[in-house]
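Try each task on your own before you read its solution.

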2 protein chains.
Amino acid sequence: MKIGVLGTGVVGQTLGAKLVALGHDVMMGGRSATNDKVLAFVEKTGGKAGSFADAAAYGELLIHCTRGDTAIEVLRQAGGDNLAGKILVDISNPLDFSRGFPPSLSISNTDSLGELIQRELPKTHVVKTLNTVTAAIMVDPAMIHGQHSVFVSGNDKYAKGKVMDLLRSFGWQAIIDLGDITSARATEQMLPLWTRLYGVLGTGNFNFAILKA
Amino acid sequence: MKIGVLGTGVVGQTLGAKLVALGHDVMMGGRSATNDKVLAFVEKTGGKAGSFADAAAYGELLIHCTRGDTAIEVLRQAGGDNLAGKILVDISNPLDFSRGFPPSLSISNTDSLGELIQRELPKTHVVKTLNTVTAAIMVDPAMIHGQHSVFVSGNDKYAKGKVMDLLRSFGWQAIIDLGDITSARATEQMLPLWTRLYGVLGTGNFNFAILKA
């Protein structure tokens with residue numbers, strides 16, 4: 001499948017490399033098509049490089065993994081028309097480090113970044129997922145033994161089904177559909193616990209398992 | 001140990017009965033000492049009954065388990081002088097059902113109910129815990145197989161140690177000290193996920209396990 005990755009950080013690089021390895025045609029989009037990190041991705045993986053708009057136009061499915069505080073600006077650069085009718089996997093979190101560590105959230109409780117992005121792109125099927133695990137775990141959940149979970153939120157059932165197929169191809173088994181995009185509030189609000197646990201455990205390579213009685 | 005339970009709902013009844021069964025001297029406090037639920041507790045368990053102030057004066061350790069929206073009023077009735085120098089285990093969550101289900105939080109992100117209670121009672125050692133599991137699991141974690149976790153937040157290490165001892169006496173093994181009382185933000189913000197999972201799983205008898213790579 002043609003996949004556009006919007007974001008050149010650790011998450012974008014890790015996901016992009018995994019998608020290339022799985023045989024997808026991947027274009028990484030950055031602020032420009034000649035951005036250093038985009039070119040590093042091309043050199044390392046053999047994937048393609050473009051601007052945010054190039055990658056948005058190229059992909060049948062898009063993955064958004066820029067920082068929460070740049071998300072809306074990046075998606076405007078990507079272009080609503082390029083994203084219309086497509087699935088946008090949103091992995092970003094609205095982390096606000098302006099008060100130091102641990103971060104607070106710039107949007108939470110009665111709204112979420114997932115919902116904000118869905119409102120910004122009403123013709124796009126936004127599916128929030130993978131935002132509760134670190135990049136290494138996203139693409140290799142088998143690093144952690146046991147039935148640990150990833151969550152999916154979105155308004156369109158077909159889009160969620162396609163994203164769940166993609167997650168299964170990464171090795172995810174315990175995928176929990178939390179509901180419509182408003183349920184992104186629930187996973188984004190896990191980040192305060194995630195950052196505390198990162199401090200306590202001394203690693204980001206952990207995840208949550210849901211155990212029933 | 002003499003323990004005062006502030007709250008007569010399912011959490012208070014369940015915890016009170018468990019504490020009596022473990023051999024503690026328990027007084028349940030309600031709006032009055034002749035409140036129906038308080039008297040039912042006495043009849044069922046052989047524990048003692050009192051007002052919030054009676055229970056606060058009686059207990060060497062106190063457990064607060066009223067609803068988040070009544071917490072401060074209840075603690076004022078209990079009386080700051082009765083609570084001074086003591087450990088107050090806070091199990092409440094700031095759930096706001098005014099917009100329906102799932103609830104939002106009445107305080108979150110850059111503050112928490114745990115912190116609000118600590119500010120209200122500066123001479124009391126507030127320890128937030130157990131607020132991420134349903135009452136049945138609180139007192140019988142062995143209902144769920146595996147190393148699922150309970151979290152502890154508080155400013156005073158000795159107080160947290162005493163509360164962890166109490167948790168171990170309930171059967172808790174994987175107890176995670178998240179840090180000072182500001183880390184109550186993290187566990188209170190798990191409630192949006194908890195309520196979504198309650199809907200998806202069709203039961204509240206579940207918990208989170210933290211699995212490391």
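**Exercise 1. Find which residues touch the most other members of the largest nonpolar core.**

Step 1. In this predicted model, the largest nonpolar core holds 119 residues.

Step 2. Within that core, Leu6(A) and Leu6(B) touch the most other members.

Step 3. Now look around Leu6(A), leaving aside residues up to four places away in sequence: the residues touched include Phe52(A), Leu62(A), Ile63(A) and Val74(A). Gly29(A), His64(A) and Thr66(A) are also among them.

**Exercise 2. Work out how helices α1(A) and α2(A) are oriented to each other.**

Step 1. Locate the helices: in chain A, α1 covers residues 10-21 and α2 covers residues 36-45.

Step 2. Take the geometry: the two pack at an angle of about 30°, and their axes are 11 Å apart.

Step 3. Compare with the cut-off: angles under 35 degrees count as roughly parallel, so α1(A) and α2(A) are roughly parallel to each other. Their crossing is right-handed.

Step 4. Find the residues that meet: α1(A) brings Gln13(A), Gly16(A), Ala17(A) and Val20(A), while α2(A) brings Phe41(A), Lys44(A) and Thr45(A). Sorted by kind, the residues of this contact are three nonpolar, three polar and one charged.

**Exercise 3. Describe the side of chain B that touches chain A.**

Step 1. Count the residues: chain B gives 35 residues to the contact, and chain A gives 35 residues.

Step 2. List the elements of chain B that supply two or more residues: β7 (104-105), β10 (174-179), α9 (184-188), α10 (191-201) and β11 (206-212).

Step 3. Pick out the largest share: β11(B) provides it, with seven residues.

Step 4. Sort this side of chain B by kind: 18 residues are nonpolar, 14 polar and three charged.

**Exercise 4. Is Asn109(A) buried, partly exposed or exposed?**

Step 1. Find Asn109(A) in the loop between β7 and α6 (113-120) of chain A. Its phi is positive, near 70°, though Asn109(A) is a residue other than glycine.

Step 2. Count neighbours: Asn109(A) has 18 C-beta neighbours inside 10 Å, so Asn109(A) is partly exposed.

Notes
Residues are numbered from 1 along each chain as its sequence is written. Chains are lettered from A and ligands numbered from 1 in the order in which they are written. This is a predicted model: local features need pLDDT of at least 70, side-chain atom pairs count only at pLDDT 80 or more; totals for chains, interfaces and linings use all residues. A nonpolar core is a set of buried Ala, Val, Leu, Ile, Met, Phe, Trp, Tyr and Cys residues joined through C-beta atoms within 7 Å. A residue is buried if 20 or more other C-beta atoms lie within 10 Å of its own, exposed if 12 or fewer, and partly exposed in between; C-beta atoms are placed from the backbone. Two residues are in contact if their C-beta atoms, placed from the backbone, lie within 7 Å. Axes are lines fitted to C-alpha atoms, for helices over the stretch in contact, and angles run from 0 to 180 degrees between N-to-C directions. Helices (H or I, at least four residues) and strands (E, at least two) are DSSP runs, numbered from the N terminus. Angles under 35 degrees count as roughly parallel, over 145 as roughly antiparallel, 65 to 115 as roughly perpendicular and the rest as oblique. A crossing is left-handed if the near helix is turned anticlockwise from the far one by less than a right angle, and right-handed if clockwise. Ala, Val, Leu, Ile, Met, Phe, Trp, Tyr, Cys and Pro count as nonpolar, Asp, Glu, Lys and Arg as charged, and the others, Gly among them, as polar.
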